[in-house]
Structures are given as C-alpha cells and as structure tokens.
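Open your viewer and load the model. Keep the sequence panel in view, and follow the stops in order.

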Amino acid sequence: MPVDFETIFNKYNIQTAQSGKHKRTGYSNVVCPYCHGNAGNHLGFCHETGGCICFRCGGGKYSPKALSLVLKIDINKAKQLIQGHTTGFLKLSFEGFKSEVDTVDSKKLNLRPLIKFHREYLENRGFNVDRLIHFFDLQSTGYETDPFYFKNKIFVPYYLNNELITYTTRDVSVDTKQSGMRAKYITCKKSEGLLPPNHFIYNYDNIKHRKKIRTLFFEGPMDCFRFPTCSGGLSGVKFPPAQVKFIIDNFDYPVFLLDPDEAGDIASQKAFDEIEVLTGRAPEVYELDGSLKNPDGSLKDAGDMTYEESGNLLKMLDIKP
Ligand SMILES: [Zn+2]
C-alpha cells in the first residue's frame with residue numbers, strides 16, 4: 001500500500017469504517033469534516049493514489065488539507081505524516097522539489113510585447129498571433145537581459161492559478177528545420193523557478209477545468225499553441241514522479257500524443273504503467289506517425305498543423321475543444 005492511512009488514523013485514535021456500506025476496499029473511510037448533517041464514514045482516503053474523496057458531499061479533496069481537518073492538526077504536519085507513511089513511487093512524488101526562491105523574477109528579462117520579428121515568425125507558422133497572446137501571454141525578452149543569453153527570445157510563461165511558476169524561451173533566429181537542429185529552447189534556471197517545467201504541466205490554467213474530460217498532452221509547450229483550451233505540455237518525456245502525480249490528480253482521462261519513438265521510450269512506458277496501476281485505467285497513448293509533412297519534406301509537429309488539421313485530430317481522438 002503506497003500510503004498507509006490506516007496506521008495514521010490508528011495513531012490518532014480515529015475510527016475508520018471496518019464493515020458495512022462505508023467500508024471500501026483500498027480506502028480508509030472516516031467521518032467527513034466537509035459534510036453537513038449525516039455523519040457517516042463518507043470521506044475516503046485512497047491507499048493507491050494518496051488522494052481523497054467524499055462519497056457523499058462529493059468532489060476530490062486535497063488530501064493533506066482533508067487529513068489536517070480530520071486529525072485537527074496543522075496542514076504541514078499532515079503533509080509530513082503522509083510523506084512518512086508513503087512508500088515507493090508515490091513517496092518520490094510527495095518529496096518533489098524544494099525551490100530556492102519565493103517568486104520567479106522575470107524583471108531581469110526586460111520583457112516587452114512581442115516584437116515584429118517574433119510576430120512574423122509565428123504568423124509564418126500559420127498562427128493567429130493575437131489569439132496566442134490571449135491564451136499564452138507570450139512576450140519578447142529584452143535586448144538586454146541577465147543572463148545575456150535570454151535576449152531577444154520569445155518568452156513562454158508557465159502559470160499556476162495566475163502565478164508565474166517557471167518559463168522557457170524560444171530562439172527563432174535560426175531556422176531549426178533547415179539546419180537540422182533541434183528547437184532552440186532556453187529554460188529558466190532550476191535555482192530560479194518555483195518548479196522545474198517537467199514537474200508541472202504547461203498551459204495548466206487554461207485546462208484545469210478538464211478533470212472529467214479527455215485532455216491532450218504533448219511533449220513541447222509550443223505543441224499546445226494549436227490547442228489552447230484542451231492540451232497541456234509535458235516539457236519532455238522524462239516524466240518525473242511529481243509530474244505523473246500531478247496528471248493523475250488533475251486529469252482523469254489523459255490522452256498522450258507524443259513524437260515518433262518517444263511513446264516507446266522507457267521513461268514514458270514507466271509513467272504510463274504507473275498511471276494504470278494508480279488509477280486502474282491505462283492512459284491512451286498515440287504517436288505522431290510522421291504522415292504529416294511540411295512543404296520542405298520535414299516532419300510536422302503539432303505546432304505546424306493547420307487549424308483544419310488540428311480540428312480533424314481532435315475529432316479523431318474524441319477531444320472536446
Ligand atoms: Zn463529505
């Protein structure tokens with residue numbers, strides 16, 4: 001059992017349902033502090049995922065918060081208790097990442113509205129630039145930045161409830177397709193972000209209402225540009241445990257659409273197995289099969305699709321825009 005809630009409740013002399021209709025396999029069920037009236041053992045703490053749900057007043061609860069209410073203790077103490085009673089994969093995700101800063105300092109980047117050169121680059125890729133700015137808050141970094149290598153890039157912010165968590169920047173001064181180079185992203189230094197990009201999901205604020213509906217996940221943030229209301233970016237396919245947990249907690253029906261070969265990658269396979277074990281449902285995984293080509297013969301990624309092609313893709317995968 002990855003999270004041993006029974007032992008926690010035992011220590012605090014909290015009775016869990018041992019029989020009857022409130023006894024559920026895989027859960028520790030206790031009296032729900034969120035419910036009014038009927039005080040049955042409706043609040044279930046899931047041993048497999050570490051999540052928490054009330055079977056009466058409904059909705060997933062943030063488990064450290066719920067535990068703190070049940071035990072009448074501080075939320076940080078509740079987090080420690082969960083961490084201390086967690087094993088295996090989930091323990092890694094609860095350990096997560098300790099940031100060295102309280103806020104992300106973007107002042108050093110001298111941000112300005114998207115400059116003409118960047119607008120033209122995006123227009124040439126077929127984007128409606130004002131729409132991109134509306135959904136993704138794209139800007140340009142200044143001519144003078146600290147460090148210098150961030151200068152004159154497209155600034156791509158990662159938000160969580162309107163708070164800047166981290167960012168990446170994109171250099172468009174070289175034609176990455178022609179020269180055969182990989183996309184030139186330079187990302188916020190680890191010591192200056194609140195989370196590493198791949199502990200989190202790019203475009204989260206625009207898709208956080210999609211817990212109960214199918215949602216697309218791409219590798220790169222710019223892959224989301226065609227799908228602002230229904231896709232999130234993974235920032236690579238290393239899938240740290242914290243990111244897998246973040247996906248499980250926030251999206252019940254993830255649909256992964258990865259670049260060719262990456263879907264079979266060992267880290268990806270491991271992540272998909274974890275999701276299946278923890279949720280009882282295998283996630284859907286597809287790879288861009290290389291049938292879509294750019295005029296120059298290079299492979300199209302999701303960001304290169306026309307609006308028509310992306311509409312067809314959503315229909316095919318049964319994703320609501
Ligand atoms: Zn309740």
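**Stop 1: the whole chain**

Show everything as a cartoon. Remember that this is a predicted model. The protein chain has 10 helices and 12 strands. Its radius of gyration is 22 Å, close to the 20 Å that the globule rule gives for 321 residues, so the chain is as compact as a globular protein of that length. Along its principal axes, the C-alpha trace spans about 65 × 45 × 35 Å. Of the 321 residues, 34% count as buried. Now consider contacts between residues with a separation of 6 or more: 54% of them join residues 24 or more positions apart.

**Stop 2: three domains**

Colour by domain. The domain assignment gives domain 1 as 5-95, domain 2 as 98-195 and domain 3 as 196-321. The centres of domain 1 and domain 2, taken over C-alpha atoms, are separated by 40 Å.

**Stop 3: a sheet of four strands**

Select strands E1 to E4. They form an open sheet in the order E1-E2-E3-E4, with antiparallel pairing. Which strands are at the edges? They are E1 (27-30) and E4 (60-61), and each pairs on one side only. Zoom in on E1 and on E2 (residues 43-46). Four bridges join these two antiparallel strands. Pick Asn-29 and look across: its bridge partner in E2 is Gly-44.

**Stop 4: another open sheet**

Select E5 to E8. Here four strands form an open sheet in the order E5-E6-E7-E8, and the pairing is antiparallel. The edge strands are E5 (139-140) and E8 (185-187). Two bridges join E5 to E6 (residues 154-160). Click on Ser-140: its bridge partner in E6 is Ile-154.

**Stop 5: the largest nonpolar core**

Stay with E6 and show side chains. The largest nonpolar core has 40 residues. Among those that touch the most other members are Phe-155, Val-156, Phe-217 and Leu-257. Which element gives the most to this core? E6 does, with four residues. Others that give two or more include E7 (163-170), E9 (215-218) and E11 (254-258). Where does the core lie? Domain 2 and domain 3 both give residues to it, so it lies between them.

Centre on Val-156. Leaving aside neighbours within four places in sequence, its contacts include Phe-136, Leu-138, Tyr-167 and Pro-221.

**Stop 6: helix H4**

Select residues 88-95, which make up H4. Its buried residues are Leu-90, Ser-93 and Phe-94. Look down the helix axis. What do the buried residues pack against? They pack against helix H3 (75-84) and helix H8 (241-250). Step just past H4 to Gly-96, which takes a positive phi of about 55°.

**Stop 7: Thr-279**

Select Thr-279, found in helix H9 (residues 266-279). Is it buried, partly exposed or exposed? It has 18 C-beta neighbours inside 10 Å, so it counts as partly exposed. Finish with a distance. The C-alpha atoms of Thr-279 and Ser-93 are separated by 15 Å, though the two are 186 residues apart along the chain.

Methods:
Residues are numbered from 1 along each chain as its sequence is written. This is a predicted model: local features need pLDDT of at least 70, side-chain atom pairs count only at pLDDT 80 or more; totals for chains, interfaces and linings use all residues. A residue is buried if 20 or more other C-beta atoms lie within 10 Å of its own, exposed if 12 or fewer, and partly exposed in between; C-beta atoms are placed from the backbone. Two residues are in contact if their C-beta atoms, placed from the backbone, lie within 7 Å. The radius of gyration is taken over C-alpha atoms; the globule rule is 2.2 Å times the number of residues to the power 0.38. Two strands pair if DSSP finds at least two bridges between them. Domain bounds come from an automatic or database domain assignment. A nonpolar core is a set of buried Ala, Val, Leu, Ile, Met, Phe, Trp, Tyr and Cys residues joined through C-beta atoms within 7 Å.
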